Amino acid sequence: MKDVLEDWGVGGDAPSFRKFMDTYNDFHLVRVNSNDWLHKLGFVLPREYSSPNDLTIPIDKHANLETLMRDTSCRTHAGKPREQWLYLSNLAFPGFNTWDTAFNGVLEYVHAHPTLNESGFHFAMCGDTASFLCGVWSTQSPALLHFQVEDGPPNPEDLEEGLTYSAQWRHLRPVTVRLIEFPLKDEFTGLPISTFPSPKQQMLSMVAGDRLYEQIEPYDSWVQTGKRFSEYVEKSYKTPGTVLHYVDNVDEWMIEHVTKPLGVETGLVVISQFVFQVSILGSSLVCSTIRSISYLIDSFLGRPGLGDQALAELNVDQDPEEDFWANLKKDLNEVIAESKRRKAEEQSSSGNPDTSMTITTT
């Protein structure tokens with residue numbers, strides 16, 4: 001076995017062999033996996049999140065991006081670059097995937113420019129050994145994660161109460177994380193507006209541009225989860241046969257035949273609430289408990305099956321169907337009352353008696 005390792009240009013020691021295996025890929029980079037990403041990137045999580053044997057820790061906390069720190073007193077971590085990039089691929093096939101090919105081109109550009117080469121570059125496979133990370137981060141390939149280690153210690157007021165770290169406070173440095181998903185949509189690339197940036201140009205604009213990644217807001221788990229859920233709902237609106245597709249048709253019919261003829265602008269808001277509430281009601285009819293609804297949403301988002309329940313703060317004793325109809329009745333009564341008031345004012349100003357039909361509700 002030792003002779004084989006020497007033929008590969010690798011010493012017989014285990015760390016060198018692991019490093020060789022990590023970089024034995026088409027990108028020639030260290031591959032980050034779900035179980036070793038903290039060590040390879042040189043970061044630490046709070047003590048409360050780091051114990052692999054504590055089953056009370058929500059599983060998504062093991063990949064939390066909002067509480068990352070670097071321990072500058074650790075020689076292994078202190079030697080890591082302050083700025084690092086993590087490319088999220090599906091299965092890392094540059095010869096078959098356009099974005100993987102583009103990332104390979106970015107690496108060639110980086111290697112030719114010493115200032116950029118000071119940054120650390122890694123990659124992870126969302127379709128294989130890093131599927132857990134991509135699920136917790138509510139993202140998908142292709143994407144780039146940018147890690148920036150700050151200059152000074154963290155502000156105690158910025159940390160969640162009760163979290164502690166293994167290093168002394170003066171040795172800790174907070175890490176700002178930005179998630180850049182491709183293809184870019186509204187982000188500025190620095191190219192002429194008449195130029196449609198290629199995949200490589202899009203990546204280079206973030207990696208090699210004048211800190212253009214700063215136009216991306218720091219990572220926020222709730223914002224990212226909401227983004228994924230919005231995409232799922234939007235897809236359901238456009239998919240014939242789904243409940244939301246029929247609800248969307250009802251929404252359009254109500255706007256064209258009810259709110260516009262009545263001239264009641266507030267009706268548009270009511271209908272939007274109606275669509276949202278019908279969506280929630282549909283989920284409640286399919287799932288027997290609030291816990292089942294939370295699990296269903298997490299499954300749509302690709303989140304892990306363990307961890308805190310997203311809807312745990314809700315009152316589980318409240319009947320969602322009863323609450324839905326009560327709110328809908330109230331909203332419709334307000335719309336009818338507003339319509340009658342406006343029509344009465346018009347009749348009064350014109351001097352004609354009000355002969356409109358009186359609408360009664362129960």
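What follows is a working chat about the predicted model shown above.

Me: Before I trust anything here, what is the mean pLDDT, and how many of the residues reach 70 or more?

Reply: The model is a predicted one, its mean pLDDT is 77, and 66% of the residues reach 70 or more.

Me: Where does the pLDDT fall below 50?

Reply: One such stretch is residues 1-12, where the pLDDT is below 50 and where the model has 10 contacts beyond near neighbours in sequence. Another is residues 286-290, where pLDDT stays under 50 and the model has five contacts beyond four places in sequence.

Me: Let's switch to the rings. How many aromatic pairs does the structure hold?

Reply: The structure holds nine aromatic pairs. One of them is formed by Phe27 and Tyr87, which sit edge-to-face at 5.9 Å centre to centre with 85° between the planes. That pair links distant parts of the chain, since Phe27 lies in the loop between α2 (14-22) and β1 (30-31) while Tyr87 belongs to strand β3 (residues 83-89), 60 residues apart.

Me: Are those two buried or exposed?

Reply: Phe27 counts as buried because its relative accessibility is 4%, and Tyr87 is buried as well, with a relative accessible area of 0%. Both rings also belong to a cluster, in which ring pairs link Phe27, Tyr87, Phe103 and Phe123.

Me: Which ring does Trp99 pair with?

Reply: Trp99 pairs with Phe182 in a tilted arrangement, with 5.5 Å centre to centre and 35° between the planes. This pair too links distant parts of the chain, with Trp99 in helix α6 (residues 98-111) and Phe182 in the loop between β6 (172-181) and α9 (199-207), 83 residues apart. Trp99 and Phe182 are both buried.

Me: What does Gln202 touch, leaving out residues up to four places away in sequence?

Reply: Gln202, which has its place in helix α9, touches Trp99, Phe182, Pro183, Leu184 and Pro197 once those sequence neighbours are left out, so both rings of the tilted Trp99 and Phe182 pair are among its contacts. The C-alpha atoms of Gln202 and Phe188, 14 residues apart along the chain, are separated by 9.5 Å.

Me: Why does Gln202 count as buried?

Reply: Gln202 counts as buried because its relative accessibility is 4%, which falls under the 20% cut-off. Other buried residues in α9 include Met203, Leu204, Ser205, Met206 and Val207, and what covers the buried residues of α9 includes β3, α6, α7 (114-117), β4 (120-125), β5 (143-149) and β6.

Me: Moving on to α10, how far does that helix reach?

Reply: Helix α10 (residues 221-238) has 18 residues and reaches 26 Å from its first C-alpha to its last, close to the 26 Å expected at 1.5 Å a residue. Its N-terminal end is capped by Asp220, a side-chain oxygen of which lies 3.0 Å from the backbone nitrogen of Trp222. Within α10, the residues Gln224, Thr225, Arg228, Val233 and Ser236 are buried.

Me: Backbone geometry next. Where are there cis peptide bonds?

Reply: A cis peptide bond joins Ser141 and Pro142, with omega about -5°, and Pro142 lies in the loop between α8 (131-136) and β5. Phe182 and Pro183 are also joined by a cis peptide bond, with omega about 0°, and Pro183 is found in the loop between β6 and α9.

Me: Which residues have a positive phi without being a glycine?

Reply: Ser138 and Arg211 are examples, each with a phi of about 55°. Most residues other than glycine have a negative phi. Ser138 sits in the loop between α8 and β5, whereas Arg211 is found in the loop between α9 and α10.

Me: And how exposed are they?

Reply: Ser138 is buried, with a relative accessible area of 1%, while Arg211 is partly exposed, with a relative accessible area of 46%.

Conventions. Residues are numbered from 1 along each chain as its sequence is written. This is a predicted model: local features need pLDDT of at least 70, side-chain atom pairs count only at pLDDT 80 or more; totals for chains, interfaces and linings use all residues. Side-chain values use heavy atoms; hydrogens and water are left out. Rings of Phe, Tyr and Trp (its six-membered ring) pair if their centres lie within 6.5 Å; planes under 30 degrees apart count as stacked, over 60 as edge-to-face and the rest as tilted. Helices (H or I, at least four residues) and strands (E, at least two) are DSSP runs, numbered from the N terminus. Buried means under 20% relative accessible area, exposed over 50%, partly exposed in between (1.4 Å probe, protein chains only). pLDDT is the predictor's confidence in each residue, from 0 to 100. Contact means heavy atoms within 4.5 Å. The expected span of a helix is 1.5 Å times one less than its number of residues. A polar contact is a pair of N or O atoms within 3.5 Å; within protein, one must be able to donate a hydrogen and the other to accept it, and residues adjacent in sequence count only if both atoms are side-chain atoms.
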